[in-house]
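Hi everyone, thanks for coming. Let's take a look at today's structure together and talk through a few of its contacts.

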Amino acid sequence: MSDTRRRVKVYTLNEDRQWDDRGTGHVSSTFVERLKGVSLLVRAESDGSLLLESKISPNTVYQKQQDTLIVWSEADNYDLALSFQEKAGCDEIWEKICQVQRRDPALDITQDPIDESEEERFEEIAETSHLVELPPCELSRLEEIADLVTSVLSSPIRREKLALALMSECYIKKLLGLFRECEDLDNREGLHHLYEIVRGVLFLNKAALFEVMFSDDCIMDVVGCLEYDPALVQPKRHREFLTKTAKFKEVIPITDSELRQKIHQTYRVQYIQDIILPTPSVFEENFLSTLTSFIFFNKVEIVSMLQEDEKFLTEVFAQLTDEATEDSKRRELVNFVKEFCAFSQTLQPQNRDAFFKTLANLGILPALEIVMGMDDMQVRAAATDIFSYLVEFSPSMVREFVMQEPQQTDDDVLLINVVIKQMICDSDPELGGAVQLMGLLRTLIDPENMLASTNKTEKTEFLGFFYKYCMHVLTAPLLANTAHDKNSKDVQEGSTKINPVCPGALRFMRRIIGLKDEYYNRYIIKGNLFEPVINALLDNGTRYNLLNSAIIELFEFIKVEDIKSLIAHIVDNFYKALESIEYVQTFKGLKGRYEQEKDRQSQRLNSHVSPCRYRRDARSLDEDEELWFNDDDDDDDDGETVEKRMEDDFSDSYGKYIEAKKGKLLWYYYSTSIFLMFYFACTWYCVIIGCFTSCFSQTALVGLVDYPDDEDEEEDEEEEEEQSPRKRPRLSS
């Protein structure tokens, strides 16, 4: 048999009864020696790898659906489908299958699989056995027809024969004619029998029957039959809902009659599956797999047809961005695009890629800038859903658009700033929209999402853009909440109320220290950022609460990880105020680490009594570095003002800030790197200072001590566990 290659998509049905795309390739039918039979082979068009190798078994049931689909089952609950690009290719492969199984290619289905007991029972039946004999389609025989349809559902071979009989005699249309007659006569008994008949015909799970039942001239009568469930006292009014309540809104007139018919059909069939038909039992759950496939491939076809109609989509986006468009019209347009994107999830990856690129070329992202800034809550919610589809599909595409936006004088009009504002100003008490937008924003700025990018400069360019044009919008609420004067707090000493920003700032500082990056550590030391943390600890007094535990855990982490620069800074400047805290051994442990490091340095100096000719005094600095630190102090007037306010409230027992020993200043030799880190960290310096100075004004607490880096460093903590004694509960509060 000669090979025939046609372009196809390979699908498999997953456990959730949804079709998964396995790739695109070319199909051929050829004899495979290993399988000892003619088989269907699909090789990927990208690399020639084998996507499918399936032997055409004489007992396997194959179905041809919608002229371009072939569906079959190979094992229990393992369904396969080939979607052909061209009808001619589908017909040719179908003929090969029928030739192997010795079936008539004019039929759209071959026989069902037969279990062993049935095969034994029917092995003596000739291949030319007669079809199931249907009673005459008359009112007086409806009960007999219903009993026949119900009785064959348990037998695959009898289901097949009944399906062929129903097709060959145009029996479906005759039954629907009887339905109209029974309804005119108000014959409830006949209507109940018709309900059982139509339900049973659906459970035959045959695509050829679905094509007839779901055609324009039959589908409403099928819905009508399913209204008369014998278990109900009064019939449902599904037809009334579909014809009067459910309105088909054309945001832009659809001129393609085939597309319009496909949309109507898909909606109604989906309604039958989801609303009308009862939930199938365990024994019936596979009876409607073909119905699920019918809906799935209809959606694929709808998306493809809409995508190919460039005039239609161009008009949609033109009206969506037109300032003259009425709000109600714009709401309908946004909801249409949202549903359009939802349908696109049925496409295979390469087609989905082309779909979203089409939307991007038509201006979906500029349109979102407009609609996400509208006051209409429904429009904003739908626009957020559309934005989530785009970000989940390709964060790089969104980043590229954001960086290509014209830099206008008002940064608020930038798409990413619109997203940030919507996140901050979410009016939902449960913050549902804010949480969704927060996840999308995190996806966009996550460097891990940029590592695999073909554009190696994406990370640098986008993060630089974000810090320059968006960071001030993101941090504005934090700065606004911490910019007030510390002296304005009206909470009396001894109050148990804590500013909800204080735990958040502590969690942020803990995360920064958890990075164990000396660049950040030097910035923390330079800004004296531990002062508000220790102030908060001392002001908290003897209260054994979450804030106390979180601060202790912060210092315990510094001790366990032996972060030398921070240990030296804490002991040199704050140990006198902390040495009285004895209910934990954390601060004594810090002092011990500090003394050990001093001893090691002394021994090292003693072992180098005769420095070499070119050795430089460790206590000296280059003049340029001295000038840089002096200039930097002059540039930080605002920071010094804040620090001065902090020092006014800091305990006199602290002593003044001891000038760092020049032997420790070796850590500052990376002056160029500090300039870079100063740029990126400039925003959170004032935030942390302000948060802790106002940490006793409000009443919210959040989780503080569950840090991801604790898990990453579990082994290190075990090694030094003996140096981290458990905190003893206090006897008084």
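Before we count anything, we need a term: a salt bridge here is a side-chain nitrogen of Lys or Arg within 4 Å of a carboxyl oxygen of Asp or Glu. Please keep in mind that this is a predicted model. Searching the whole structure turns up 24 salt bridges.

Let's visit some of them. Arg 239 and Glu 183 meet through their side chains at 2.5 Å, N to O. This pair links distant parts of the chain, with Arg 239 in helix H9 and Glu 183 in helix H5, 56 residues apart.

Next, the side chains of Arg 260 and Glu 250 form a salt bridge at 2.8 Å, N to O. Arg 260 sits in helix H10 and Glu 250 in the loop between H9 and H10, so the pair ties together parts that are ten residues apart in sequence.

Now for Arg 593 and Asp 562, whose salt bridge spans 3.6 Å, N to O. Is Arg 593 buried or exposed? Its relative accessibility is 9%, so Arg 593 counts as buried, because buried means under 20%. Asp 562, on the other hand, is partly exposed, at 23%.

Let's turn to helix packing. Helices H11 and H13 pack with their axes 9 Å apart, at an angle of about 125 degrees. The two are therefore oblique to each other, and their crossing is left-handed.

Last stop, the surface: Leu 431, Val 435 and Met 438 form a nonpolar patch there, with about 270 Å² of accessible area together. Val 435 belongs to helix H19 and is partly exposed, at 48% relative accessibility.

Conventions. Residues are numbered from 1 along each chain as its sequence is written. This is a predicted model: local features need pLDDT of at least 70, side-chain atom pairs count only at pLDDT 80 or more; totals for chains, interfaces and linings use all residues. Side-chain values use heavy atoms; hydrogens and water are left out. Patches are made of residues with over 30% relative accessible area and no salt bridge: like charges are joined within 9 Å, nonpolar side chains (Val, Leu, Ile, Met, Phe, Trp, Tyr) within 5 Å. Accessible areas come from the Shrake-Rupley method with a 1.4 Å probe; for residues, only the protein chains shown count as cover. Helices (H or I, at least four residues) and strands (E, at least two) are DSSP runs, numbered from the N terminus. Buried means under 20% relative accessible area, exposed over 50%, partly exposed in between (1.4 Å probe, protein chains only). Axes are lines fitted to C-alpha atoms, for helices over the stretch in contact, and angles run from 0 to 180 degrees between N-to-C directions. Angles under 35 degrees count as roughly parallel, over 145 as roughly antiparallel, 65 to 115 as roughly perpendicular and the rest as oblique. A crossing is left-handed if the near helix is turned anticlockwise from the far one by less than a right angle, and right-handed if clockwise.
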